[in-house]
Amino acid sequence: AFADVTHRPVGVLKTLIRKGVPPDLRPKVWLAISGAAAKKKVAPRAYYKRLQALPVDQAVRDQVDIDLGRTFPENARYANEQGQETLRRGLFAD
């Protein structure tokens with residue numbers, strides 16, 4: 001997944017990320033570090049469509065299915081199959 005990253009974190013930034021990014025900052029940090037923000041800025045409407053068109057390996061889908069039950073176990077919204085399906089759709093941009 002990081003093969004397309006144009007900027008990989010180094011030095012202090014890398015250390016800080018490994019120590020943990022506060023939950024409220026994770027979306028912004030991910031967009032910046034992954035290079036997605038730059039791609040989105042160039043073609044904001046086309047960016048999401050391109051993401052949806054990318055194939056997802058079956059191994060990735062299988063791992064997500066394994067992890068869904070462990071994700072947010074304390075959150076009632078995701079505690080049932082309907083909630084987990086909502087999370088799955090969000091992860092795969094379906």
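This is a predicted model: local features need pLDDT of at least 70, side-chain atom pairs count only at pLDDT 80 or more; totals for chains, interfaces and linings use all residues.
The expected span is 1.5 Å times one less than the number of residues; helices are DSSP runs (H or I, at least four residues), numbered from the N terminus.

I looked up the buried residues of α6 and got G83, Q84, L87, R88 and F92. They cover an arc of only 160° around the axis, which puts them on the same side of α6. The arc is taken from the directions from the helix axis to the C-beta atoms. Buried means under 20% relative accessible area and exposed over 50% (1.4 Å probe, protein chains only). On the face turned away from the buried side I found the exposed residues Q82 and G90.

I then looked at both ends of α6. At its start, a side-chain oxygen of N80 comes within 3.1 Å of the backbone nitrogen of Q82. Just after the helix, A93 has a positive phi of about 55°.

Next I asked what covers the buried residues of α6; the cover includes α5 (58-68). I picked L68, which lies in α5 and is buried at a relative accessible area of 1%. Leaving out residues up to four places away in sequence, L68 touches Q84, L87, R88 and L91 (contact: heavy atoms within 4.5 Å). The C-alpha atoms of L68 and Y78, 10 residues apart along the chain, are 8.6 Å apart.

For the record, residues are numbered from 1 along each chain as its sequence is written, and side-chain values use heavy atoms, without hydrogens and water. Local features need pLDDT of at least 70 and side-chain atom pairs count only at pLDDT 80 or more, while totals for chains, interfaces and linings use all residues.

Terms used
Helices (H or I, at least four residues) and strands (E, at least two) are DSSP runs, numbered from the N terminus. A polar contact is a pair of N or O atoms within 3.5 Å; within protein, one must be able to donate a hydrogen and the other to accept it, and residues adjacent in sequence count only if both atoms are side-chain atoms.
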